Amino acid sequence: MDKLQSGIRITVRAVIVQDGKILLIKKDSQEDGIRYTLPGGALESGETLHQAVIRECQEEINTLVDAYDVLHIADFFIPKFDPQPYTRHQLEVLIQCQTPAEYIPSSGPDPDKHQVGVEWLPVNELAEHTISPNFFAELLVNLHSQTHNIYVGSVT
């Protein structure tokens, strides 16, 4: 592992499931192609987990959400290369959320880098898509399993 950056970056992600579909951000870049990820991002100073996930959803998916339980927590080590190689320790917190019933997917006023849309994808078809980071796909498919762990440990 390259030099570990000091401090842990805490991020929150909204897990929004409705009628067997999950709401995901669609991204596209020349380097990585088309991929999907959960709405969310880093906590800002003074925010609670719920405040952060609500703000991130307004920015990225253009709606207020109701935030409920923490579904999963994972330690995630991300290799970075600019300006020199280092590793960022990130704590990913996935939170169960709900959009208003009338919500129509659309990007918000401050979308993610490379965000090109917001889509409902069937949970049982996630294996057919590139989900970023990779460990999200298995977590989301097993979301309502009786054996899922809230703390999933260190993931890649």
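Predicted model: local features only at pLDDT ≥ 70, side-chain atom pairs only at ≥ 80, totals over all residues.
## Strands S6 and S7

Two strands count as paired here if DSSP finds at least two bridges between them. Strand S6 covers residues 66–80, strand S7 covers residues 86–98, and the two run antiparallel over 12 bridges. To get from S6 to S7, the chain goes through a hairpin of 5 residues.

## S6 also pairs with S9

S6 has another partner: strand S9, residues 151–155. This pairing is parallel and is made over 4 bridges. Here Phe 76 has Val 155 in S9 as its bridge partner. Keep Phe 76 in mind, as its ring comes up again below.

The average pLDDT for the protein is 90, and 93% of the residues score at least 70. Among the elements, H1 comes out highest with a mean of 98, while S9 comes out lowest with 75.

## The phenylalanine cluster

The structure holds 2 aromatic pairs. One of them is Phe 135 with Phe 136, an edge-to-face pair with 4.9 Å from centre to centre and 65° between the planes. Ring pairs tie Phe 76, Phe 135 and Phe 136 together into a cluster.

Are Phe 135 and Phe 136 buried or exposed? Phe 135 has a relative accessibility of 11%, so it counts as buried. Phe 136 is buried too, with a relative accessible area of 0%. The cut-off behind both calls is under 20%.

Pro 133 lies in the loop between strand S8 (115–122) and helix H2 (135–141).

Which residues have a positive phi although they are not glycines? Asn 62 is one, at about 65°, and His 114 is another, at about 70°. Asn 62 belongs to the loop between helix H1 (49–61) and S6, whereas His 114 is in the loop between S7 and S8. Asn 62 has a relative accessible area of 42%, so it is partly exposed. His 114, at 30% relative accessibility, also counts as partly exposed.

Notes: Residues numbered from 1 in each chain as written. Heavy atoms only, no water. Buried < 20%, exposed > 50% of the residue type's maximum accessible area, 1.4 Å probe, protein only. pLDDT = per-residue confidence, 0-100. Phe/Tyr/Trp six-rings, centres within 6.5 Å; stacked < 30°, edge-to-face > 60°.
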